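Please keep the sequence and the model in view while reading.

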Amino acid sequence: MASEKADGGDRMSSYCNLFRIQWIWILVSIFTIFSATTFADQMKQSEIAPGKMGTGEPIKNPLERPAREKVAVAGIAVLPVQSGGRIKPVDTLAREIIHLLHGKEKVKGRHPVEIFFSMLFHPKFWESHPIVPVRYTPLKKDLGLELDRKYFSLKELRLNQKILPLTQELQNKEAGNEKLDPYYQAVSQIRNQVSVFSFLVSGKILALVPPESGADSDKWVGLDQTSEEQKLRFWLIAAAFQNTDPEQQLRTKEKVSEFMQMASLVNTEVYPSTTVMAREVHYNEARPFRWAWVVALLSLILLSASLVRDSSTVASMKEGLPNSTTYFLGLGLFLISFGLQIYGYYLRCMIAERPPVTNMYESVIWVAFGSMFFGFIIELLNKRRVVSICSLIFAILCLMISDLSSAVLDNSIHPLEPVLRSNFWLLIHVLTITLSYAAFALSLMLGNLAIAPLVFLGRTSKLFPLKPMAQYAYRSVQIGVVLLGTGTILGGIWADYSWGRFWGWDPKETWALIAFLGYIAIIHARYRGMVKDFGFLASCIIAFLLVLMAWYGVNFILGAGLHSYGFSSGGNTEVFVYSVLQCVFVALAAFKVRSALIR
């Protein structure tokens, strides 16, 4: 009897469980049908179709549609994606892709995130739309492209029969580790643009889901390999963002939050928070280093105006800090520009989780910072506006070049190369070396500003008298020599740690030593009285060419040695022209001085 009751209880329990399972399936089915219906309605309004990325034909020119709502752009911009060896917001990925394809981040004033998703869902239009700049004239001639056109479509470049043998030759050069000349750099650019676009429209570029905890690889899963539920969640984001109804666009942030919550459950340890992604989006939008040079330019104008106005009397040049509103406004803007740079470094360090000292872009903005730092210190000690003016001129040039020459100086944030992952030695070595460049740059500007009146007016100027200018330059060079010598020794310690040898006559090491010995020579000549004020200032100008070779030339011209992580290309002509002009400038000044002495 007891066993019969037990069997009856088991049957009843089984029926109850079956009943619960049926209800769960019913509820899931209802939710799926509801989601699919909503999704289908949104697809009709958004003009995209899931599962057809890279094959869909646009209904009309997507650029003719109204721009996406700012709230919608901000909502989707924080979506995490793995690209280039690190996790970044889709805002950063979009900016990098559009800049690679178009040469700048915006197309017809549209936000890069909007253009990025438009390419994803309207590939036929964008493949046929002329957005790719081809500037190298010899290559345009060889490919049979119109010389007076600036932009070409990806389709006409991809189907150009003459590009294939050039691409094959490029691969042979790369396999042999040959340094590419400008011609094959242009070929490489076209190849990269075509392949990246293909990668984009396939969905593979959107690695949106982290690997499961304990997986062998840390590679995120691309959109083309995600689960059906994950695809559905992404398409709901896309449908809201691409919708022509502004109210539906405002739901983008909600859909992104739902997707991020679902993706984070796969691996909570590696999936970033919205706050972390929003920080990088803010850095992209705020552009602190751009505003830094704009504010520095205003400071330069005010400080220069103050100097010119007070130059009417000799006494005003010898007194302490000038008591003028123009001066203090200029100095205040100087400090604001300085603060903007500090803020930019803070954001970049938080994003990269390392000091920003691993590529040419980061070293250029750091040298600008160092120039203003040394200029401000010497300004306070000597109470002469001319020093801060010189530091501002060089800092503005550096910040403008880094901001406006992104084709040469890549401002993207990349993960550290394995050889650079000893953060302690990397930090002190690179920061010390580049700070020495800043001190030498200050002496360079002091020399140019002091000698310029001799070249253009045939006489010295009371605004920039040779004797005090030479004294300030001497102090700058002394600071630079101490820093460069210390940095070179620290570089040897780092080299021993990373490569197992202290010194190996690597081109970077050799040119750092040459620059050090060059400045030691002019300090010795100054100390022994072998050169006077003019000779020392002229030597500071010429000696900086040694710094330029160690800083720029090894990475961008020679492209040889163990410091391959810093190699790049571009700007060779401009640097060569600058070097020639500086030599001619000094030669003209020397000729004027010699002529005056003879007379």
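A search of the whole structure finds 17 salt bridges, a salt bridge being a side-chain nitrogen of Lys or Arg within 4 Å of a carboxyl oxygen of Asp or Glu. The model is a predicted one, in which local features need pLDDT of at least 70 and side-chain atom pairs count only at pLDDT 80 or more, while totals for chains, interfaces and linings use all residues. Residues are numbered from 1 along each chain as its sequence is written, and side-chain values use heavy atoms, with hydrogens and water left out.

Side chains of opposite charge can pair when their charged atoms come close. Helices (H or I, at least four residues) and strands (E, at least two) are DSSP runs, numbered from the N terminus. Glu 280 is buried, at 4% relative accessibility, and Arg 86 is also buried, with a relative accessible area of 11%. Here, buried means under 20% relative accessible area, exposed means over 50%, and partly exposed lies in between (1.4 Å probe, protein chains only).

How far apart are the N and O atoms in the salt bridge of Asp 533 and Arg 526? The distance is 2.9 Å, and both Asp 533 and Arg 526 are buried. Elsewhere, salt bridges with shared partners link Asp 91, Arg 95, Glu 105, Glu 285 and Arg 287 into one network. In the salt bridge between Glu 254 and Arg 251, the closest N and O atoms are 3.9 Å apart. Glu 254 is partly exposed, at 38% relative accessibility, and Arg 251 is partly exposed at 26%.

The chain as a whole contains 23 helices and six strands. Of its 599 residues, 50% are buried. Contact means heavy atoms within 4.5 Å. Among contacts between residues at least 6 apart in sequence, 70% join residues at least 24 apart.

In soluble globular proteins, nonpolar side chains tend to be buried together. A nonpolar core is a set of buried Ala, Val, Leu, Ile, Met, Phe, Trp, Tyr and Cys residues joined through side-chain atoms within 4.5 Å. The largest such core in this model has 96 residues, and those with the most contacts inside it are Ile 451 and Tyr 519. Helix α19 (residues 423–457) gives the most to this core, contributing 20 residues. Leaving aside residues up to four places away in sequence, Tyr 519 touches Phe 440, Val 477, Val 481, Cys 540, Ala 543, Phe 544 and Val 547. Apart from this core lies another, of 66 residues, which includes Val 73, Phe 116, Leu 139 and Phe 234.

Asn 267, in the loop between α12 (252–264) and α13, is buried with a relative accessible area of 7%. Its contacts, not counting residues up to four places away in sequence, are with Pro 210, Pro 211, Glu 212 and Ser 213. Ser 304 is placed in helix α14 (residues 288–310) and is partly exposed, with a relative accessible area of 24%. A polar atom of the Ser 304 side chain lies 2.7 Å from the backbone oxygen of Leu 300. The C-alpha atoms of Ser 304 and Ser 388 are separated by 9.8 Å, although these residues are 84 apart along the chain.

Most residues other than glycine have a negative phi. Lys 108 lies in the loop between α3 (90–102) and α4 (112–121) and is exposed, at 64% relative accessibility. Glu 353 likewise has a positive phi, near 60°. Glu 353 sits in the loop between α16 (325–352) and α17 (360–382) and is exposed, with a relative accessible area of 69%.

The chain exposes about 29300 Å², of which carbon and sulfur atoms supply 62%; accessible areas come from the Shrake-Rupley method with a 1.4 Å probe, and for residues only the protein chains shown count as cover.

Conventions:
A polar contact is a pair of N or O atoms within 3.5 Å; within protein, one must be able to donate a hydrogen and the other to accept it, and residues adjacent in sequence count only if both atoms are side-chain atoms.
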